[in-house]
Amino acid sequence: MNTRAMTPRALLLAASIVSPAYAADPDCSGVERWATTVAFVHLKNAGLTNNDKIDFTKTTTVRLASEKIGKNLYRQIHFVVFTERAGGTIEVITNNDASNEECSMSGVEIYVVSKRLGGK
């Protein structure tokens with residue numbers, strides 16, 4: 001699957017149908033890991049939030065997909081929810097490459113979820 005050329009909508013669809021990560025895949029889903037921290041920096045640089053607005057104890061990162069794309073190289077998709085102290089949330093989808101040694105094998109593409117339709 002070539003996620004680099006996919007639209008955000010297609011990326012979400014692909015992430016929802018790709019099987020969950022395998023035991024050998026790197027675990028880069030922590031709140032203080034590469035995808036989440038880079039996403040937060042991009043949100044700050046875009047003026048969408050700042051350190052004082054976010055309650056980092058409530059931030060969650062869930063790996064949606066992990067696909068092996070090379071020897072010890074995986075493309076990973078994460079869903080990150082930053083919870084604001086005022087009660088709102090900022091949701092993002094991240095896309096980056098990782099290995100078992102490094103979660104930062106590539107830059108991070110960040111897609112801000114501006115509206116949810118259907119479901120919860």
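This is a predicted model: local features need pLDDT of at least 70, side-chain atom pairs count only at pLDDT 80 or more; totals for chains, interfaces and linings use all residues.
Skipping its neighbours within four places in sequence, I found Phe 40 in contact with Thr 49, Asn 50, Asn 51, Ile 54, Phe 56 and Phe 82 (contact means heavy atoms within 4.5 Å). Next I looked up the largest nonpolar core, and Phe 40 is in it, along with Ala 39, Leu 43, Ile 54, Val 80, Phe 82, Ile 90 and Val 92, 8 residues in total. A core here is a set of buried Ala, Val, Leu, Ile, Met, Phe, Trp, Tyr and Cys residues joined through side-chain atoms within 4.5 Å; buried means under 20% relative accessible area, exposed over 50%, partly exposed in between, with a 1.4 Å probe and protein chains only. Helix 2, strand 2 and strand 3 each give two or more residues to this core, and the largest share, 3 residues, is from helix 2. (Helices are DSSP runs of H or I with at least four residues, strands are runs of E with at least two, both numbered from the N terminus.) I also noted another core apart from this one, with 6 residues, including Ile 77, Phe 79, Val 81 and Ile 93.

I traced an open sheet of 4 strands, antiparallel, in the order 1-2-3-4; strands count as paired if DSSP finds at least two bridges between them. Strand 1 (60-70) and strand 4 (109-113) are the edges, each pairing on one side only. Neighbouring strands are turned by 15 degrees against each other on average, direction ignored. My note on angles: axes are lines fitted to C-alpha atoms, for helices over the stretch in contact, and angles run from 0 to 180 degrees between N-to-C directions.

I then checked strand 1 against strand 2 (residues 73-83) and got 9 antiparallel bridges. Thr 60 has Val 81 of strand 2 as its bridge partner. Helix 2 (residues 34-45) packs on this sheet and touches strands 1, 2, 3 (89-98) and 4, with its direction at about 125 degrees to that of strand 3.

**The disulfide**

I searched the whole structure and got 1 disulfide (a pair of cysteine sulfur atoms within 2.5 Å). Cys 28 and Cys 103 form it, with their sulfur atoms 2.1 Å apart. The S-S torsion is about -90 degrees, so this disulfide is left-handed. Cys 28 sits in the loop between helix 1 (8-17) and helix 2, and Cys 103 in the loop between strand 3 and strand 4, 75 residues apart. I found both Cys 28 and Cys 103 buried.

**Bookkeeping**

Residues are numbered from 1 along each chain as its sequence is written, and side-chain values use heavy atoms, leaving out hydrogens and water. Local features need pLDDT of at least 70 and side-chain atom pairs count only at pLDDT 80 or more, while totals for chains, interfaces and linings use all residues.
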